Amino acid sequence: MTTLADLRSTDLGIGLGLRTTHYPTILADRPAVDWFEILSENYLDTGGRPVHVLDQIAAHYPVVMHGVSMNIGSTDPLDRTYLRSLKALQQRCRARWISDHLCWTGVDGQNLHDLLPMPYTKAALRHLVGRVRAVQDLLEQPLVLENPSTYVQFAGADFTEPEFLQELCAATGCGLLLDVNNVFVCASNHGFDAAQYLAGVPWDHVVYFHLAGHTVHDTHRVDTHDQPVCDEVWQLYRHAHRLSGGRSTLLEWDANVPDFATTHREAKKALRHRTLAAREALAERGRRGVGASARPERTTPKPKPRPVAPRRPHRRTEVRA
Amino acid sequence: MTTTLRSLQRWFAAVVVHPGTVDDAFADRRVRRLVPGRAPQDLLVQPAAGDLATRCAVYNGGYLERLVEVLQGDFGAVQHLLGEPAFRALVARYLQRHPSRHPNLNQLGRAFPAFVRAQRTLPQRAFVAELAQLELAVSRAFDAPEFTPLAADALAAVPPARLGSIRLAANPSLQLRAFRHPVDVWYQAWKNGEPIPVPRPQRSWLAVHRHDDRVWRHRLAHEQFAVLSALVEGQPLEAALAKAPASAPVGTWFTEWGQNGWFTAVRRGRR
């Protein structure tokens, strides 16, 4: 059985979210990408072009599965058919791990196809612990869960989000996908310090990072994945990289997707930021002297107004011939 | 008073899918009943900037936006025919009646043609419903399970005396449709970027299938449709061929259908 240590010790390098618009370039040119993350649902319940393209890509690149419909936080029963489909897909494409989101996507059988926020209460934690364990038993591996972007918070929280993640990870042994852009978006939306958030992350459980662009509105930010990663998120990524000691990193670009070369260039910026992070770590040690403990810097900037854009979801985007 | 996780999720889901604004949702008695005695301000933290309604609108607005976009992808021809505002309004009503209940968005439009057919006030609804049927058939063919077409010589290997009793397993992507309008003619014109007026009723028959990962459409004669339908239903070859006139060039048909990969297995004996 795969362990969390197996996942954490796997640094796949800098990856890209696999998008249909890039299929022709990837299949024809076999560009030097370290790995691809697939949106799991795009390859479930279908037997045609999507899975055949995936077969070809999985033959040449490491693949990771990232889903949006596990509904792990819902009070509905777990969808075991869906979970078994995930497992079968993993076997087919030899995905290194399976991730989804710390959220719920529907209740009473209805799927809203959105990543809805959890209340960070003791009751919700107990509920999630049981379900994450059940999923891990079925999948026979640690589940990797992503911190979502949220726009509201439920009242009556017993934990901050990092505290909730710590408790969940400790109780279940699950992995974390730390979406740095989501940390930044939530920090801005809910008025907390992103660096303090990072200080509370259970780093022993972080398997990989997500990076993406977002849209700034007058009073909040929306995780749109439709533009380059902003400077503040790169800065936060460097900080996260230092705290983690280095993890696989993936760029998501889901709307207004540019050509493959542009997307890949954006992802490869992460390499430069990893190097910068290493230099910053050295400089910090120099300033504080050997043995000084690292203290996160404040990285949350003030929101800047930008044109509004519609929120774009993760979704199936296969083009029919 | 405490609110259970389930009540909280039911309430928030009701706000997200509410057809009105977030303020409409907050005020809606059916929504409020889900969390008796609790106001939105009791359930959600006042945001650092802006108000709760604006924040909830990210979810409420995104819900319809996202699912309209999915169905625009699946029913592009229907949207073109109706115009975007009418299509959006139709989808909004559809989602109220047929919310997604599947992890995968490729299932979202399964009930759309039947829903369109039931819209009494929709102009040209009979044609629009058939167009939706055609587009759904394309989607279903695209997403059908994997299959291996029957080998070219498989039928030749069957002893002639037994040919009449065999049954042919259809390729799971094969979708047969009978229409009251020449709907594929309109659809092809739309795909060519040269839309034509909605045609007068005239019966037509269509096979939609996937071959080499591409979706293809074949217009059929009525007798071809009858034979194929009988085969897909699992009738023996002899009974299926009885649906066609004796003079029909069935040998040519089967050669073409075999080349299209419409059958995946020969089954002998009873079903």
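Chain B contains 13 helices and five strands, where helices (H or I, at least four residues) and strands (E, at least two) are DSSP runs numbered from the N terminus. The radius of gyration of chain B is 25 Å, well over the 18 Å that the globule rule gives for 271 residues, so chain B is more spread out than a compact globule; the radius is taken over C-alpha atoms, and the rule is 2.2 Å times the number of residues to the power 0.38. The model is predicted: local features need pLDDT of at least 70 and side-chain atom pairs count only at pLDDT 80 or more, while totals for chains, interfaces and linings use all residues. Residues are numbered from 1 along each chain as its sequence is written, with chains lettered from A and ligands numbered from 1 in the order in which they are written.

The C-alpha trace of chain B spans about 80 × 45 × 30 Å along its principal axes. Of the 271 residues in chain B, 39% are buried (20 or more other C-beta atoms within 10 Å of the residue's own; exposed, 12 or fewer; partly exposed, in between; C-beta atoms placed from the backbone). Among contacts in chain B with a separation of 6 or more, 65% join residues 24 or more positions apart; two residues are in contact if their C-beta atoms, placed from the backbone, lie within 7 Å.

In chain B, helix α1 (residues 5-17) packs on helix α5 (residues 52-74) at an angle of about 60 degrees, with the axes 7 Å apart. Axes are lines fitted to C-alpha atoms, for helices over the stretch in contact, and angles run from 0 to 180 degrees between N-to-C directions. The angle makes α1(B) oblique to α5(B) (under 35 degrees is roughly parallel, over 145 roughly antiparallel, 65 to 115 roughly perpendicular, and the rest oblique). B:Val15, B:Val16 and B:Val17 of α1(B) meet B:Cys56, B:Tyr59, B:Asn60 and B:Tyr63 of α5(B). This contact has six nonpolar residues, one polar residue and no charged residues, with Ala, Val, Leu, Ile, Met, Phe, Trp, Tyr, Cys and Pro counted as nonpolar, Asp, Glu, Lys and Arg as charged, and the others, Gly among them, as polar.

Between the chains, 46 residues of chain A are in contact with 47 residues of chain B. On the chain A side, two or more residues each come from α3 (49-60), β5 (104-107), β6 (110-116), α5 (122-139) and α7 (180-190). The largest share, six residues, belongs to β6(A). By class, this side of chain A divides into 17 nonpolar, 19 polar and ten charged residues.

Within chain A, α5(A) also packs with helix α6 (residues 161-172), at about 40 degrees and with axes 10 Å apart. The two helices are therefore oblique to each other. Residues in this contact include A:Leu125, A:Leu128 and A:Val129 of α5(A) and A:Phe164, A:Glu167 and A:Leu168 of α6(A). Seven nonpolar, two polar and two charged residues make up the contact.

Two non-glycine residues have positive phi values: A:His225, at about 55 degrees, and B:Asp212, at about 50 degrees. A:His225 lies in the loop between β11 (221-222) and α9 (231-244) of chain A and is buried, with 25 other C-beta atoms within 10 Å. B:Asp212 lies in the loop between β3 (204-211) and β4 (214-220) of chain B and counts as exposed, with 10 C-beta neighbours inside 10 Å.
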